[in-house]
Amino acid sequence: MALRVCESFMRRCLRAPARPLLLATVSLRPRAAFRPGVLSGHGFPFTPACSVTSSIFLDRLLKGKMPGVDQGPCQQPVPPDRASQLSLLLRPPDQPENPKTLRVAVIGAPNAGKSTLTNQLLGRKLFAVSQKVHTTRSRALGVITVDDTQIILLDTPGLTTPFKVKRHQLEKSLLVDPLKSLREADLVVVLVDISDKWTRDRLDFEVLKCLTLNPHIPAVLVLNKVDLLKNKTLLLDITAKLTEGVVNGQRLRVRDVVKTLQKETDEMQIKHKAALEAQAGEEPCPNPDTQDQRGLSREQLRTLKSRRGWPHFKDVFMLCAADGEDVETLKRYLMVAAKPGPWHYHSDVLTDQSPEDVCINAVREKLLEYLPQEVPYTISQHIELWRETEDGKLDISVKLHVKKNSHMTMVIGPGGQVMASIAREASEDLTNAFMREVRLKISATLKN
């Protein structure tokens with residue numbers, strides 16, 4: 001179990017001699033589920049989470065390493081034109097003798113790191129990543145094929161509410177796509193940003209709704225951005241809250257000998273919680289006519305609001321999604337969890353996105369990175385030119401449609417530096433995705 005091995009983790013983080021963490025388990029019995037690759041009572045392959053706290057992981061965590069995207073082993077490129085990509089998606093899978101497959105839905109609150117994790121699992125940056133919320137606007141699919149195993153990753157938008165979608169004029173796909181992906185999945189990965197002290201002590205309400213609507217689908221909890229957590233002693237407490245003290249059907253009681261005083265932080269969290277509840281009270285109650293879409297009654301929703309965690313997680317992982325070595329542990333777990341069954345895609349498929357989608361997402365990522373506040377959300381894009389040259393290079397021209405003159409000034413920047421930086425960095429990402437030189441030109445015009 002993940003909590004059981006945290007004793008050594010805590011000793012090294014505190015740089016102190018052996019001061020034991022007292023872990024008491026209630027009614028723990030040896031079960032086949034605790035052996036790697038053996039089916040649990042629910043027919044799900046379970047791999048102990050102790051591997052997530054390897055000595056290598058701890059050493060890098062203590063040193064504060066912030067690595068970049070690990071490109072992983074050499075893979076096939078994304079086809080440079082829509083016709084080739086469609087042909088590849090329609091190509092019959094090259095089935096091995098004993099194929100295994102697993103569909104994984106990655107869900108979480110906005111900006112939890114879902115696309116970052118998906119990129120690292122794929123070993124290729126194919127999905128937009130930004131520190132701003134709602135970077136991913138619709139569901140995208142990534143495919144990992146290793147030997148006889150195929151993992152299908154469903155990267156979803158951050159879960160939000162109908163009220164916020166209407167208020168901020170967001171796409172309806174932000175509501176529909178996560179729920180649709182969850183229903184198609186064999187396993188759910190719930191990602192939580194534990195560097196956010198305001199939200200890390202409880203699961204997002206929309207995440208809880210999704211899990212409650214699909215209790216039959218196995219789920220694992222991934223605590224992300226562990227490297228940003230200064231006080232590592234909080235890991236056990238956060239895990240206990242988010243799992244309600246239960247992991248893989250086993251109830252755990254954790255008592256830490258080293259107690260930290262966080263009176264001021266707790267008071268701030270109480271005030272912030274009150275503010276959130278007041279804000280939630282302003283949102284209109286769900287329409288009973290639309291409850292069939294969500295599957296929960298008003299009474300069930302009220303009961304769910306009082307919950308902090310989900311007691312049915314099969315396992316818990318602690319990692320930094322930006323670190324390829326950390327993510328490799330989760331990737332091995334998914335490989336073990338794959339079930340016998342035919343592949344859905346040819347082994348050369350990396351994503352179901354069209355080349356144009358990959359380009360638009362790369363540019364949008366840079367717009368979110370360089371432009372302030374709501375400005376990047378108001379800009380639309382149009383691809384004017386997409387041409388493959390005789391020497392194998394790819395020429396792309398993208399037109400940005402900007403709503404206001406003030407926004408246009410920000411997009412261009414002093415001496416055109418902002419637009420030039422956006423074009424250069426997006427071109428580098430596209431060169432990596434298509435594995436050929438990409439010459440990207442970006443221009444902007446006021447939207448009529």
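Predicted model: local features only at pLDDT ≥ 70, side-chain atom pairs only at ≥ 80, totals over all residues.
**Stop 1: H13 and H15**

Select residues 355-370, which form helix H13, and residues 417-434, which form helix H15. Two packed helices are described by the angle between their axes and the distance between the axes. Here the axes come within 9 Å and cross at roughly 140°. H13 and H15 are therefore oblique to each other, since only angles over 145 degrees count as roughly antiparallel. The crossing of H13 and H15 is right-handed.

Now show the side chains where the two helices meet. On the H13 side, pick out Pro355, Val358, Cys359, Ala362 and Tyr370, which are among the residues that meet H15. On the H15 side, the residues in contact include Val418, Ile422, Ala426, Leu430 and Phe434. If you colour the residues of this contact by type, 13 are nonpolar, one is polar and five are charged.

**Stop 2: Leu430 and the cores**

Keep Leu430 selected. Which residues does leucine 430 touch, leaving aside its neighbours within four places in sequence? They are Val358, Cys359, Ala362, Ile396, Met435, Val438 and Leu440.

Leu430 also belongs to the largest nonpolar core, which has 57 residues.

**Stop 3: H4 and H12**

Next, select helix H4 at residues 114-122 and helix H12 at residues 324-337. These two pack at an angle of about 75°, with their axes 9 Å apart. That angle makes H4 roughly perpendicular to H12.

Leu117, Gln120 and Leu121 are the H4 residues in the contact.

**Stop 4: Phe205**

Finally, select phenylalanine 205, which lies in helix H7 (residues 205-213). Is phenylalanine 205 buried, partly exposed or exposed? Its relative accessibility is 22%, so phenylalanine 205 counts as partly exposed; buried would need a value under 20%.

Leaving aside neighbours within four places in sequence, phenylalanine 205 is in contact with Leu301, Leu304 and Lys305. Draw a line from the C-alpha of phenylalanine 205 to that of leucine 304: the two are 7.7 Å apart in space, and 99 residues apart in sequence.

Notes. Residues numbered from 1 in each chain as written. Heavy atoms only, no water. Axes fitted to C-alpha atoms, helices over the stretch in contact; angles between N-to-C directions. Helix = DSSP H or I, 4+ residues; strand = E, 2+ residues; numbered from the N terminus. Parallel < 35°, antiparallel > 145°, perpendicular 65-115°, else oblique. Left-handed = near helix turned anticlockwise from the far one by under 90°. Contact = heavy atoms within 4.5 Å. Nonpolar A, V, L, I, M, F, W, Y, C, P; charged D, E, K, R; others polar. Core = buried A, V, L, I, M, F, W, Y, C linked by side-chain atoms within 4.5 Å. Buried < 20%, exposed > 50% of the residue type's maximum accessible area, 1.4 Å probe, protein only.
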